[in-house]
Each structure stands twice: as structure tokens, then as C-alpha cells.
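Please examine the model displayed below. The paragraphs that follow lead from the ligand site to the domains and then to individual residues.

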Amino acid sequence: MLRNRKTKDRSESGPSLRENLTGLLKIMQNDPTISDELPIAKKLIAKSMRWLVLNEFFLVLQLYPVKFFIDEINHDAPNVTKLLLISFSFGVIHKISDVVNKQMALSRNTTMWRLWRIWWGYGHRVLLRLSTDWHTLNGTGEKESLVSKNILKFENMIDELMFNTIPAALRITFTTLFLLTVGWVYAILSLATMVTYALMVRKTEGVLEPLRKKSRKRMKAIERFGSELNKNWRTIKEIGREEDFSDQNDSLLLGFCEFEEKRHKTAMGQFMHQSDVVSASRMLLYALFSLSILWQQPQLGLIVLAGEWMGRSYSNFGRFADFQQRMSEGLESMRELVALMCLPPTVQQPAAPIWPSQITGRVEFKDVDFRYPDATECALTGVSFVAEPYTATALVGSSGCGKSTLMGLLQRLHDPTGGSVLVDGVGLSELDYNRYRREAISVVSQDVQLFDGTIMHNIRVSKPDATDEDVIEAARLAYADEFIVKQPNGYNTEVGENGIRLSGGQKQRIAIARALLRKPAILILDEATSALDAISQQRVQESINDLIERREVTIFIIAHRFSTIESADQVVVLDDGRLAEIGTHAELQRHNGLYARLRAMETKGLLD
Ligand code: ADP
């Protein structure tokens, strides 16, 4: 029964620090991008720990000569040579302690920066590796908090543990050991204080940890709401609800502050109990000094030394309280980081990847089924068709019919749940996944993302070794050159955060140039619609038509406008995840089926 309860408590509190660390290390050891760093980091930590132990040893030892000095001076006939030797030992021990302290500080600095570089770099590497689904579900704010904040808290915990808590524990341990050399009764008092304090800390933790969890939950809600406000400011303004949203924010903040006040009151109460242990021990120490008169002549040196040692040791007890707080935050952060690192990738690089001698861009969808992991219904069912190299295929259908999902499968964001997608006769799951994305396929989505930097940088990002001439050529093909040269600094014009200084159509054309620069075998264009004004639409359209006419790449267009469809070699009409019709624009018009109906709806302005 008792055992069961223990197991339950344990599963509720989650894995311990050790389990988490072991799990994390295992993941990192199996990852070649980071595994080489780990032995170096371990060596650095071990080196820091050695300096730390020495540092604390010398800090306690520094006081030792005080006893001999006082006893000698109190002697009936003090020996000056002895006193001078003790004075000299003061200087020597202090100097050694100083050197050790500096070395420890240096070692700590190197270790912490190294660890920071590892966590920070690896955390972001893992983040970029996560599936598109995960990125779609988690906004920028959530990602920031998941990676950056968690890494910082984890760092703080390690820093606190290595350079505050362990030194404090070492200081108390060394004090206890040194006290043994001057009187076992003082050593016992020190040990008893240490054990009682540790038990009190455990009890305090039981009270404070649930409160901390609640506090973190409230803080997360505040951060989430704040990020919503920042994200949706335009909508809030448009519906005229600035004050309502600010009030909601205020009430969240008020609730948090009231809760924090109560939590801190409880914490202070608990910490007072902990410091009662220290006060009692201090009182007992001086009672012991007084009682020692009963069995021996009072030794002033011993009283000063033991008093000072214990006094300094007592001041270290308080350092555990900080650790409790940081440890709890760090553990929670670590759990989240480990969970993130353990997320299974939606697609895997095959064990023996294949790469044909030439990729022409022949694409075949063979009886493709697909269901999203959390969905009850299939997004695609039995879709089969072929796109010959250098042709253009337009995908048509009402919203939600499966166009983006089909193109997602061609990018291998997911693997089909049935059937297969073949490129030049090779199943996508067998192709070298990384090389496929880097060399064979380019995507221009509606929502163009630009980096903070120049236009040149934003086009070149898809092929870093491209020359300026290559970039300009790609921009010409995308009809982007004409507006770029009119910018204040031409290709060296800064685009601002996510291209704030450019129009939707300009961003689209930069994205097309970026996609073409790599000379891919397959190009997916998610045609931008409402975001573009008529003139921009026309220029984007012209660049797409030009691409189709040049016949250098297999093009798939998620078509929202029928003007694009007319120049395509074939039109694939999807209906509720199934292939409804396929043919040229003229053939489908003649067939007078779903395509003709959709077209009629567009003419009347009913198609979304
Ligand atoms: P289209 O691009 O034609 O508008 P989609 O391919 O985006 O359609 O969507 C096809 C179906 O799959 C829709 O029913 C949509 O709700 C569903 N769907 C799309 N993305 C997801 C997802 N990440 N998880 C679950 N269902 C999804």
C-alpha cells in the first residue's frame, strides 16, 4: 500500500533531476552533431569541481592559525618566533587560497560559457528539426518560451547547483571535519545542525513546490495572453476592444500578484522555521562554550575559531533556499526540453538513401491516402496521377479539399498513410530526404517569410554559394528585378523585419526568385490571392506564365485563379480528398463537371 502511494507520488512529480539529466545526456550522446562536445564539457565540469573543492577547503583552513595565534598570545610567556611563524602561515594560506579562488572563477567562467553554447545551440538545432506540424501549432512566443527561457532557467539551475549549493555543502562538510580536530562535541553539533536543516528543507519543499507550480502556470497564462495581444493587435483595434482586452490582462496580472503575495508569505513562514534551526544551533554552540568551563580551562583560541567556523558555516545554510527555487524551475524547464527533444520526427531520413543520377522532375502520385495523426477522417483518399517532367499541373478545388496536403506529401512533410509518391520512379521515402529538399524541390508559399537583411541576402539564402549575377538572373526570371532596382539601395536595400518595407506582390516575387535560384527540378507555387493588389497579381501571374512557357521545371500550382489554370498542361480537380477530374482546361470545360461548376462559381465571385 505504502509502496503504491510512493510510486504514485513519484509519477506525479515527474522524473528526478538525475533521471532527467541521464535522459538528456543519452539523447545528446546519440546525436553526432553534439556528441563530440560532451566529453569536453564533462572534463571542464570535473576541472571546475576540483577547483571548487580546493577553494572551499582553503576558505575553511584560512581560519585555522587564529586559534594558535590567540592561544600563544594568551600564554604566560608568549613565544615571539612562534607568533611570527603563525603570522607567516596566515599570509601563505591566504595567498594559496587567493590563487585557488581565481583559478576556480576562471574555470567556472569557461565551463558556464561552454555549457551555454552547447544548450543554446543544441536547443535551437532541435527546434529547427521539429516537424512542420509542430511549428504550425506553436507560435513564436511559445517557441521562445520553450527553448530560450527554458535553456536560461536550466543554466541558472546548473550554475546555482555548481557554484552556490555544492560549495555551501562543501563548506559545511569541511567545517564539520575541521571541528573534529578541535573537539568532537562541536563536530557533532555541526553535523546535527546540517541534518536537521536538510530535513526542514525537505519539509519546506513539500509545502512550497505545489505553490510554485501554480505560480508558474499563472505566469504562463499571462505570457500567452500577452503574446496573443501582440499577435492580434490589428484585429483587437478593428473590433474596437482595446480596453476590454487590457482589462482582461489587468485581471490576470492582479490575480497573479495576489497569489504571489500569499505564496511569499507562506515561503517566509517556512524559511523562518529553517532559520530557527540555525538560531538554536548558534545558541547551543555558545552554551557549549560556557559548559566547557565545567570540565576544562576555557580556551580562547578554540572559542574564537569554532565560533568563527560555525558562524561562517551558518551563513551558508541560507544559500540552499535559493537553490530550492531555481532547482524547481530548472527541473520543470528540463522536463520540457527533454520532452521536446524526444518528439518523434514525422519523417525520417532512410537508412540507405537513394539519389538518382539525374532528377528530371517526373512526379507520380500512386493511390495516395493520407490522414493527419490527430484527425478522424482522411484528408486524401486514393489520389493517383502523373506529372511529366517540365510540365505544369494546376490543383483546383474548394477550400479544405486537400490541395496543400497533397503538396505537403510531395515535400515529404509527412509520409502517405497509403500508396506512394514517386519522383523519377523512386519512392520519396527512399530518396535522400535532406538532399531532396536542398536540391530538387522549391516551394513558394502564400505566406512568404523574409529574413532581416538585404534583398540580395533574402534571395541568396536558398543557395549561399550563388554569385551576384546568379541572384540577379533569378530575380529577372521572377519579374522581381524591375522593382528591386528602383529600391533606394537596389539589391542591397534592407527589407526590414519580415519584409515590412515591401508589398505582398514584391515579397512573392522575391520568394519566386529565391526558389528559382536553386534551379530545382520541382517547383510548388501556392498562388497568392487576396493579399495582392491587381497590379501585383498581374506581375506575379506574368512571372508564373513565363516559368510555365520556359519548360525547365515541373511546376505544381495551387491555383486560386483560373487565369493561371488556363496555361497549365493539366488540371487536377480535387473534391473532399479525392481526385474528381483531370485534364486540360479545355477538356474539363467540355466535360462540364465539377471544374466547370467551380469556374462558374468563380465568375460569380462565390469561390473562396
Ligand atoms: P486545401 O489546401 O485544399 O484548402 P488542406 O490540404 O489544407 O486543404 O486540408 C485538407 C483537409 O485536411 C481539411 O479537412 C483540413 O481541415 C485537414 N487538415 C489540414 N491540416 C491539418 C492538420 N495539420 N491536422 C489535421 N487536419 C488537417
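A polar side-chain atom of Thr 405 is placed 2.4 Å from an oxygen atom of the ligand, a polar contact in the sense of a pair of N or O atoms within 3.5 Å; within protein, one atom must be able to donate a hydrogen and the other to accept it, and residues adjacent in sequence count only if both atoms are side-chain atoms. Of the 560 Å² of accessible area that the ligand has on its own, the protein covers 60%; such areas come from the Shrake-Rupley method with a 1.4 Å probe, and for residues only the protein chains shown count as cover. The backbone also takes part: a polar backbone atom of Gly 402 is 3.1 Å from a ligand oxygen atom. At Tyr 372, an N or O atom of the side chain is 3.5 Å from a nitrogen atom of the ligand.

This is a predicted model, in which local features need pLDDT of at least 70 and side-chain atom pairs count only at pLDDT 80 or more, whereas totals for chains, interfaces and linings use all residues. Residues are numbered from 1 along each chain as its sequence is written, and side-chain values use heavy atoms, with hydrogens and water left out.

The residues around the ligand, each with a heavy atom within 4 Å of it, include Asp 374, Ala 379, Lys 403 and Ser 404. By class, this shell has three nonpolar, five polar and two charged residues; Ala, Val, Leu, Ile, Met, Phe, Trp, Tyr, Cys and Pro count as nonpolar, Asp, Glu, Lys and Arg as charged, and the others, Gly among them, as polar.

The chain is divided into domain 1 (13–341) and domain 2 (363–449 + 522–603), with bounds from an automatic or database domain assignment. Their C-alpha centres lie 57 Å apart.

Arg 212 belongs to helix 9 (residues 184–231); helices (H or I, at least four residues) and strands (E, at least two) are DSSP runs, numbered from the N terminus. Arg 212 counts as buried because its relative accessibility is 3%, where buried means under 20% relative accessible area, exposed over 50% and partly exposed in between (1.4 Å probe, protein chains only). Its side chain makes a polar contact of 3.2 Å with the side chain of Glu 205.

Asn 592 is found in the loop between helix 22 (585–591) and helix 23 (594–603). Its phi is near 60°, a positive value in a residue other than glycine. With 58% relative accessibility, Asn 592 counts as exposed.
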